[in-house]
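Take a moment with the sequence and the structure below. The paragraphs after them start with one residue, then widen to the chain and return to other places.

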Amino acid sequence: MRSRFTAFARGDRDYLLRTWHPSTRPKRLDLDDDQEWTGLEVLESQNGGLFHHDGTVEFVAHYRQAGRPGSMRQHSRFTRVDGLWTYLD
C-alpha cells in the first residue's frame with residue numbers, strides 16, 4: 001500500500017500498473033499531474049503478513065489540487081500473484 005501511494009505521488013504509472021492485479025488492471029492509467037499527493041494514513045489492515053495470500057487496507061490519502069487540500073478514504077483489497085502483492089480493488 002505504501003509503495004503504491006509513493007508511486008502515485010511520483011507519477012510512476014509503470015509501477016502502479018505492474019502492481020495491479022491482472023483481473024482488474026486497466027489497459028491505461030491517466031494520472032492528474034495537477035494533483036499533489038501529500039500524505040497517507042493507514043487506518044486498519046487485516047492479514048497481509050508473510051503467510052497470507054489476501055489482505056485489506058483501509059486508508060486516507062491526502063492531496064492538494066489547485067492549491068486546496070483534499071483527502072480520499074478507501075478500503076482496498078490486495079492479493080498475491082506469483083508471491084508478490086497486487087492491488088485487486
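**A walk through the chain**

Ala66 has a relative accessible area of 70%, so Ala66 counts as exposed. The cut-offs are these: buried means under 20% relative accessible area, exposed over 50%, and partly exposed in between, with a 1.4 Å probe and protein chains only. Ala66 sits in the loop between β2 and β3 (68-81). Its phi is near 55°, a positive value in a residue other than glycine. Most residues other than glycine have a negative phi.

A word on the source. This is a predicted model, in which local features need pLDDT of at least 70, side-chain atom pairs count only at pLDDT 80 or more, and totals for chains, interfaces and linings use all residues. Residues are numbered from 1 along each chain as its sequence is written, and side-chain values use heavy atoms, with hydrogens and water left out.

Now step back to the whole chain. The protein chain has two helices and four strands. Along the sequence, their pattern is α-α-β-β-β-β. The radius of gyration is 13 Å, close to the 12 Å that the globule rule gives for 89 residues, so the protein chain is as compact as a globular protein of that length. That radius is taken over C-alpha atoms, and the rule is 2.2 Å times the number of residues to the power 0.38. Helices (H or I, at least four residues) and strands (E, at least two) are DSSP runs, numbered from the N terminus.

The C-alpha atoms fill a box of roughly 40 × 30 × 15 Å, taken along the principal axes. Of the 89 residues, 31% count as buried. Contact means heavy atoms within 4.5 Å. Among contacts between residues at least 6 apart in sequence, 40% join residues at least 24 apart.

Which residues does Arg64 touch, not counting residues up to four places away in sequence? They are Asp34, Gln35, Glu36, Thr38 and Pro69. Arg64 itself belongs to strand β2 (residues 54-65). It is partly exposed, because its relative accessibility is 36%. A polar atom of the Arg64 side chain lies 2.8 Å from the backbone oxygen of Gly67. Arg64 and Arg13 are 51 residues apart in sequence; in space their C-alpha atoms are 19 Å apart.

Move to strand β1 (residues 35-47), where Gln46 is placed. Gln46 counts as partly exposed because its relative accessibility is 43%. Its side chain joins that of Glu44 in a polar contact of 3.2 Å. A polar contact is a pair of N or O atoms within 3.5 Å; within protein, one must be able to donate a hydrogen and the other to accept it, and residues adjacent in sequence count only if both atoms are side-chain atoms. Leaving aside neighbours within four places in sequence, Gln46 is in contact with Gly55 and Thr56. Gln46 and Met1 are 45 residues apart in sequence, and 12 Å apart in space from C-alpha to C-alpha.

One more loop remains. Asp82 lies between β3 and β4 (84-87), in the loop there. Is Asp82 buried or exposed? Its relative accessible area is 80%, so Asp82 is exposed. Phi of Asp82 is near 50°, a positive value in a residue other than glycine.
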